[in-house]
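Visitor: I'm new to reading structures, and I'd like to know where the labels come from. Could you show me one and walk me through it?

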Amino acid sequence: MSVPSSNPQTKDFRVAIVGGGIGGLFCAISLRKSGVPFDIFEAAAQFGEVGAGIGFAPNSEAAMRYLGIFEDYMRVANHRDRYSVILGNETHDHVADMLPHGGPVTSIHRAHLLDVLLKHVPSESSHLKKRCERVEQVSADPPLYRIHFHDGTTHEANLVIGADGIRSVVRDSVLGYRVEPRYVGTRAYRGIFPAQEWLKTIGPENETSLLIVSGLGKIDLVGFVSEPLERRFSEGTDILPPGEPWVQPANKEQALADFVDMPGPFVKTALNSIERMTVWKIHCLWPPLPTYVKDGIALLGDAAHGTTPHCGQGAGQALEDSYILGQLLGHPKTTLQTLRSTLAIYDEIRRPRGNKVVEYSLETGNVWEGWGANGESVEGRKLDAEGRLDWIWQHDINQDAERAIAILEA
Ligand SMILES: Cc1cc2nc3c(=O)[nH]c(=O)nc-3n(C[C@H](O)[C@H](O)[C@H](O)COP(=O)(O)OP(=O)(O)OC[C@H]3O[C@@H](n4cnc5c(N)ncnc54)[C@H](O)[C@@H]3O)c2cc1C
């Protein structure tokens, strides 16, 4: 049985987005804004996100502006024009201000972000409980694909966008082989705790280092603990055994023991305040992918450049992908006949930056651990951290869009 498309034909090609996480929804919003009809297929019974916070930097906020969702987002997001890095030592030494050129940095609970995004995605385009098992090529030129779902149904589209996360199955069809994400040797303790009392004790100076995720005053904690660098990507430990969960419940004793060399009061208070804590084994796509596209299939978000979170950019890069894709697909020059060359432009524009973020984020994780070029002293950390994220955070995605359109029109 085939799943009918619910969209009007304003283009002579049909788009299917596989995966309705943050990346898939950003993409849906971007296509809608560009007048490109689409259907979005999500494996779960409803759109959902993990119970945690998420932060966005100026590059992502600019992309939200272009997509027309920034005002809705800012109604619920927390924002600040200073964002600091401080150490977890006894004296919580200040290391760097990450917004020397202005902000804001914004943060939000993921559930609230989802509410904002879903307001902009028409429900008639959304298909739930549709787990893609494989993508079959029906014809190469012009491209046509049949998506096979777990429930036995299928759907045909000329363009398939794989937004199905770091363990993407759509990626198999782009690369022609399976790529497993690799464990980077870093665990992240995650949890949310009430801010009120705690904020009073840390003072306004240090408040700028917190991820406040809701107007009710909740703080999101992500605490990283890493294995020594020489064990990174070592054979036998970098791919978890099949069935071993990436995320597990954690308890305070375990977390406090792991953070024993960070005796600062903020660290202890935070770990003691979280009620439901989880620990995540952090994975990334390494080495970065050689391409994000093949014929009429494109990858986006973590499926394309699943990264460690040390630059706070996984979803931010999905936003940039979505904006560029929307600009290219909505352009009058993109038709069924030119679809493949348009996707090649998407790859040309987005892959260098997406892949560089994956690599740079690994290096940035080393800097936060005190393993940067200038060592772990406070002075050394300052040298390594200052201005570190500027090239990502201050990037103007609209210049990339203009470059992409210029190539398309040439
Ligand atoms: C600890 C931590 C902190 C982070 N903090 C930040 C931050 O502050 N800022 C930031 O920008 N990023 C951050 N990130 C990264 C960010 O969470 C991810 O980059 C982002 O969620 C990726 O979105 P996605 O839609 O590409 O993938 P996913 O969120 O994985 O979504 C994929 C979706 O596809 C669906 N799906 C999967 N397989 C199939 C299938 N076969 N068929 C159909 N549907 C399918 C899934 O159910 C899911 O809904 C953080 C990550 C971690 C681990």
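Guide: Let's begin with helix 1, whose 12 residues should span 16 Å at 1.5 Å a residue; its end C-alpha atoms are 17 Å apart, which agrees. The expected span is 1.5 Å times one less than the number of residues. Helices here are DSSP runs (H or I, at least four residues), strands are runs of E of at least two, and both are numbered from the N terminus. Bear in mind that this is a predicted model: local features need pLDDT of at least 70, side-chain atom pairs count only at pLDDT 80 or more, and totals for chains, interfaces and linings use all residues. Residues are numbered from 1 along each chain as its sequence is written.

Visitor: How do you know that the length of helix 10 agrees with what it should span?

Guide: Its 17 residues should span 24 Å at 1.5 Å a residue, and its end C-alpha atoms are 24 Å apart, so the two agree. Helix 10 is mostly covered too, with 16 of its 17 residues buried.

Visitor: How is the packing of helix 2 and helix 10 described?

Guide: Two packed helices are described by the angle between their axes and the distance between the axes. Helix 2 (residues 58-67) and helix 10 (residues 314-330) pack at about 35°, with axes 9 Å apart. The axes are lines fitted to C-alpha atoms, for helices over the stretch in contact, and angles run from 0 to 180 degrees between N-to-C directions. The crossing is left-handed, a label used if the near helix is turned anticlockwise from the far one by less than a right angle (clockwise would be right-handed).

Visitor: Which residues make that contact?

Guide: Helix 2 brings Asn59, Ser60, Ala63, Met64, Tyr66 and Leu67, while helix 10 brings Gly316, Leu319, Glu320 and Tyr323. Two residues are in contact if their C-beta atoms, placed from the backbone, lie within 7 Å. By class, that's 6 nonpolar, 3 polar and 1 charged. Ala, Val, Leu, Ile, Met, Phe, Trp, Tyr, Cys and Pro count as nonpolar, Asp, Glu, Lys and Arg as charged, and the others, Gly among them, as polar.

Visitor: How many residues surround the ligand?

Guide: There are 32, and the closest are Gly19, Gly21, Gly165, Gly301 and Gly314. A residue is near a molecule or strand if its C-beta atom, placed from the backbone, lies within 6 Å of it. Helix 10 gives the largest share of the shell, 4 residues. By class, the shell divides into 15 nonpolar, 12 polar and 5 charged.

Visitor: What makes Phe233 and Asp295 worth a look?

Guide: Most residues other than glycine have a negative phi, and most peptide bonds are trans. Phe233 has a positive phi near 55°, and Asp295 has one near 45°. Phe233 is in the loop between strand 15 and strand 16, and Asp295 in the loop between strand 18 and strand 19.

Visitor: Why is Phe233 called partly exposed?

Guide: Phe233 has 15 C-beta neighbours inside 10 Å, so it counts as partly exposed. Asp295 has 22 other C-beta atoms within 10 Å, so that one is buried.

Visitor: Which peptide bond with Pro142 is cis?

Guide: The one joining Asp141 and Pro142, with omega about 5°. Another cis bond runs from Trp286 to Pro287, where omega is near -5°.

Visitor: Why is Ala188 called buried?

Guide: It has 21 C-beta neighbours inside 10 Å, so Ala188 counts as buried. Ala188 sits in strand 13. Ala188 and Ile282 are 94 residues apart in sequence and 6.9 Å apart in space, C-alpha to C-alpha.

Methods:
Buried ≥ 20, exposed ≤ 12 C-beta atoms within 10 Å, placed from the backbone.
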